[in-house]
Amino acid sequence: MAIRVSSTVPGGADVVADIERRSGERVSACYQCGRCTSTCTGAFAFDYPPHRIMRMLQLGQVDEVLNSRTAQICYDCMTCSTRCPMNIDVANVIEHAKMIADERGIEGDEKEIRLFRLAFLKNVRRHGRLHEARLLTWINFRSFRPFNDLSLVPLILRRKKIHIVPPRIKNRQEVHRIFREINGGDK
Amino acid sequence: MRIGVFVCECGTNIAATVSTGKVVDAALSMRDVLHAESIQYTCSDPGQRAVIDAIQKKGLTRVVIASCSPRMHENTFRRTVGRAGLNAYMMEMVNIREHCSWIHSDIDEATDKAIDLMQKGVARVRRQVPLHSTTVPVTKRVLVVGGGVAGIQAALDIADAGLPVTLVERGPSIGGNMARLDKTFPTLDCSSCILTPRMVEAAQHENIELMVSSEVEQVRGYIGNFDVDIRRKATCVDAEKCTGCMICQEKCPGKAPDEFNAGVGQSKAISIPFPQAVPLVAALRKEHCRLFIKGKCSVCKKVCPADAIDYEQEDRIETEKFGAIVVATGYELFDWRESYPDYGGGQYPDVVTALQYERMLSASGPNGGHVQRPSDGKEPKNVVFISCVGSRDESVGRPLCCSVGCMYIAKQAILTKEHIPDSQSYVFYIDIRAGGKGYEEFTRRAQRDFGAIYLRGRVGKIYPSNGNLVVMGTDTLSAEQVEIDADLVVLATGFAAAEGAGELARKLNISYDQYEFFSESHPKLRPVETTTGGVFLAGACQGPKDIPDTVAQASASAAKVIGLLSRGELETSPMVAAVNQMRCTGCFKCRDVCPYGAIEAVELRDGREVANVIDSLCQGCGVCNVACPPAVISLKGYTDGQLIAETMELLR
Ligand SMILES: Cc1cc2nc3c(=O)[nH]c(=O)nc-3n(C[C@H](O)[C@H](O)[C@H](O)COP(=O)(O)OP(=O)(O)OC[C@H]3O[C@@H](n4cnc5c(N)ncnc54)[C@H](O)[C@@H]3O)c2cc1C
Ligand code: SF4
Ligand code: SF4
Ligand code: SF4
Ligand code: SF4
């Protein structure tokens with residue numbers, strides 16, 4: 001089947017322009033050398049390796065990118081970014097696709113990964129740093145497996161890997177500000 | 001005073017943005033302007049005829065042509081007014097294209113500006129006086145800098161036309177990079193078999209003087225008459241006596257890097273770079289010689305049967321006169337090591353450059369053409385080629401294409417199969433650039449007939465594993481990651497300008513780009529000329545190119561030189577400085593600043609010493625005008641009166 005390129009995808013070019021603007025990266029500079037993919041540590045689990053994501057954005061295949069496994073599970077190791085000969089921060093591009101997918105409520109197939117990511121961000125945002133106990137309980141409840149890994153709890157507590165009381169950090173509002181700026185507004 | 005104004009439409013280039021009719025009207029309303037018209041293409045034959053007609057019918061004495069850049073057509077229009085019987089310098093060009101229509105979009109504003117520019121031209125031409133050019137004799141000798149295939153070709157072509165040529169080469173032998181190549185694409189003829197005869201021919205040609213181990217020290221003068229200081233570097237060997245027996249090299253205990261073999265293998269402190277070297281004369285490198293480092297050795301002097309060794313030898317400077325200069329200093333390979341730590345940054349012995357591989361393949365190479373990988377001397381079976389290393393890579397500041405890498409990789413893949421029949425070559429590429437005649441077919445053959453596997457993608461990383469190398473890349477056509485176990489990795493490293501190219505350019509007063517490749521005067525119409533008259537370019541010093549293009553450009557340069565020197569004398573521009581000697585105070589600030597040494601002191605009858613401009617040396621740069629405290633030196637055609645009139649007209 002022929003692919004649909006940006007002029008025929010409603011809003012396709014707009015989303016790409018949005019990604020370029022918000023990320024500050026030049027998607028159009030990619031010349032498909034594939035160096036990002038060559039050492040991508042996550043590609044074995046992706047549906048599209050990073051250079052394909054770049055190409056799909058160039059062609060305006062926005063739906064495919066926003067719904068891709070790649071956009072859900074790339075974990076920003078940034079190996080791609082360090083290798084790109086065109087100085088494109090590829091991970092940053094994928095990260096912005098991820099953010100736009102979240103903004104649009106696109107859940108994708110990797111529900112748990114998404115859940116973890118959102119819970120993690122929410123947790124950091126609220127406490128200023130990670131509060132593990134809360135993160136774990138939240139994830140267990142939201143994934144409808146409240147007793148998941150419960151047997152580990154005594155061990156974790158004994159080793160002081162986790163604290164019941166939320167951490168207190170100074171200048172929590174600074175963290176809030178960072179979140180606001182990255183999201184380009186509050187949500 | 002009878003002035004005519006001609007406003008060119010340049011098709012729609014000007015007329016679409018400037019309303020030329022209004023410019024004509026504005027001209028006609030000016031004092032002394034007897035004639036004005038717009039012409040569709042003034043430079044065309046009918047256009048020039050219209051100008052001539054108007055001059056003759058209306059008896060015009062001065063002309064303003066409002067059109068394009070004078071760089072384009074000043075000479076054309078000077079000839080036009082000349083044909084009409086006026087002095088050629090009674091014409092002033094005004095640029096309403098590059099300076100106006102091309103850079104503006106608002107028609108009213110552009111038209112206003114065009115009118116201003118035209119009025120400025122009229123103000124200036126009003127104060128113009130007839131000028132007459134003089135001629136200077138030219139020196140019918142040519143300097144060629146750089147003895148690669150480009151320099152050799154240019155020197156032979158010029159010498160065959162009967163002009164004496166001095167070929168200056170920095171290294172101990174001519175031949176350049178081509179002498180290092182094994183076979184050459186796309187015909188696979190042996191590089192030294194086709195180059196060596198040309199090198200010998202150059203050495204034996206009655207009109208060519210070879211100066212190896214020599215460099216250009218300083219250049220003075222101008223087109224037709226350059227004075228060049230050439231440094232003849234001390235090699236501690238008397239070239240007249242040395243017979244090329246190589247006994248010194250055999251016995252010398254001082255090890256030195258083998259530059260000719262691109263660092264594969266080792267050489268000696270005194271050596272002849274390769275058996276076919278021209279001239280076949282040894283040279284000693286002091287920085288590696290035991291006598292110069294430790295103060296004790298002199299083995300070569302003892303063994304030399306010709307008594308050619310002379311440790312006392314010192315650099316000499318020779319000054320010679322030339323009428324034209326061809327620059328052919330070629331290229332070096334981009335040093336990849338610092339920029340590519342992910343390819344080992346030079347730490348893995350079995351990652352080599354294509355030039356090193358060329359020496360490994362060559363029958364005259366260190367292993368006699370048996371391909372052995374550097375780490376353990378094993379014959380490699382899996383050979384991986386990586387293109388565009390230090391090319392097309394903005395992250396290392398090298399966005400340019402090397403233009404030959406794709407071709408020499410295909411060649412080396414073919415040669416690998418010929419040398420090692422049970423080998424397998426893998427080629428990582430981004431695009432295959434094979435535009436020349438027979439080139440596409442050649443890269444196809446590498447794949448179809450010699451089994452090279454081409455993978456479209458870049459390599460991300462190389463790491464050592466169990467005595468081999470693992471190459472991690474991508475095949476973008478299948479959108480998959482690939483990993484290859486390689487015995488040897490060959491990098492197609494990009495082209496860089498020869499070391500010191502920028503410095504040489506400054507000596508020659510020619511321009512160069514950010515990579516220090518020399519700039520041609522016009523990319524299409526003046527591809528072998530530089531911005532300095534009498535200096536021409538040949539080969540890879542102007543930008544990456546292969547041998548056919550290099551040779552073609554060298555012959556083109558030769559043709560330009562021969563054309564230039566075929567005339568016995570050159571017409572000089574009459575737009576030179578002139579001193580009002582009555583008011584000159586004799587401070588000689590002008591002589592201090594003149595870059596061309598064009599100002600001399602003369603004694604007037606009353607005994608005063610004043611400045612005098614030597615017309616044939618003055619290039620009309622105008623620096624002296626600014627320096628002169630009482631403002632009594634000025635440039636003909638650019639007098640203070642003219643410049644002030646122009647400015648006043650604009651400010652009105
Ligand atoms: C690995 C490899 C394989 C190649 N294979 C092929 C092939 O198969 N076919 C093909 O067509 N092309 C091939 N090429 C390209 C080819 O090498 C060039 O096109 C050619 O050598 C350019 O010739 P040149 O005379 O311009 O420069 P060079 O060969 O670089 O010669 C320049 C000369 O000038 C001298 N010089 C430099 N600076 C100065 C100075 N300041 N003063 C005096 N002398 C100076 C240098 O010492 C040198 O001798 C290959 C290139 C590489 C890297
Ligand atoms: S950051 Fe880049 S290299 Fe790392 S997993 Fe994501 S796409 Fe792959
Ligand atoms: S490394 Fe950069 S240029 Fe190459 S394919 Fe990836 S994003 Fe595009
Ligand atoms: S010629 Fe080929 S190898 Fe060289 S930079 Fe261009 S594309 Fe890369
Ligand atoms: S600078 Fe002027 S005053 Fe001084 S010597 Fe030159 S022309 Fe004469």
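# Tour of a predicted two-chain model

Start with Arg31(B), which has a relative accessibility of 59% and therefore counts as exposed. Exposed means over 50% relative accessible area, buried means under 20%, and partly exposed is the range in between, all with a 1.4 Å probe and protein chains only. Residues are numbered from 1 along each chain as its sequence is written, while chains are lettered from A and ligands numbered from 1 in the order in which they are written. The model is predicted, with local features needing pLDDT of at least 70, side-chain atom pairs counting only at pLDDT 80 or more, and totals for chains, interfaces and linings using all residues; side-chain values use heavy atoms, with hydrogens and water left out.

**Stop 1**

A salt bridge here is a side-chain nitrogen of Lys or Arg within 4 Å of a carboxyl oxygen of Asp or Glu. Side chains of opposite charge can pair when their charged atoms come close. Asp32(B), with a relative accessible area of 23%, is partly exposed.

Next select Lys120(B) and Glu646(B), whose side chains meet in a salt bridge at 3.0 Å, N to O. Lys120(B) is in helix H5 (residues 107-126) and Glu646(B) in helix H18 (residues 640-651), both of chain B, so this pair ties together parts 526 residues apart in sequence. Helices (H or I, at least four residues) and strands (E, at least two) are DSSP runs, numbered from the N terminus. Is Glu646(B) buried or exposed? At 11% relative accessibility, Glu646(B) counts as buried.

Move to Glu320(B) and Arg141(B), a salt bridge with an N to O distance of 2.9 Å. Glu320(B) sits in strand E17 (residues 316-322) of chain B, and Arg141(B) in the loop between strand E5 (135-137) and strand E6 (142-145) of chain B, so the pair ties together parts 179 residues apart in sequence. Glu320(B) is buried, at 14% relative accessibility, whereas Arg141(B) is partly exposed, at 24%.

For a network, select Asp18(A), Arg21(A), Arg22(A) and Glu103(A), which are joined by salt bridges that share partners. Over all chains, the count of salt bridges comes to 49.

**Stop 2: chain A**

Color chain A by secondary structure: 11 helices and 0 strands. The C-alpha trace of chain A spans about 55 × 35 × 30 Å along its principal axes. Chain A has 187 residues, of which 44% count as buried. Among the contacts in chain A with a separation of 6 or more, 63% are between residues 24 or more positions apart; contact means heavy atoms within 4.5 Å.

**Stop 3: where the chains meet**

Show the contact between the chains: 20 residues come from chain B and 19 residues from chain A. The two chains bury about 1600 Å² between them, 49% of it on carbon and sulfur atoms.

The interface of chain B and chain A holds 3 salt bridges. Arg35(A) pairs with Asp342(B) in a salt bridge whose closest N and O atoms are 3.1 Å apart. On the side of chain B that touches chain A, strand E24 (459-465) and strand E25 (468-475) are the elements that give two or more residues. By class, that side of chain B has 6 nonpolar, 7 polar and 7 charged residues. Ala, Val, Leu, Ile, Met, Phe, Trp, Tyr, Cys and Pro count as nonpolar, Asp, Glu, Lys and Arg as charged, and the others, Gly among them, as polar.

**Stop 4: ligands**

Select ligand 3, which has 13 residues around it, the closest being Cys30(A), Cys33(A), Gly34(A), Cys36(A) and Cys84(A). A residue is near a molecule or strand if one of its heavy atoms lies within 4 Å of it.

At ligand 2, Cys40(A), Cys74(A), Cys77(A), Met78(A) and Cys80(A) come nearest of the 13 residues around the ligand. Helix H6 (79-83) and helix H7 (90-103) of chain A each supply at least two residues of the shell around ligand 2. That shell divides into 9 nonpolar, 3 polar and 1 charged.

End at ligand 5, whose surrounding residues include Cys584(B), Cys587(B), Cys590(B) and Cys628(B). The shell around ligand 5 has 11 nonpolar, 1 polar and no charged residues.

Notes. Buried area is the accessible area (1.4 Å probe) that two parts lose on being put together, summed over both.
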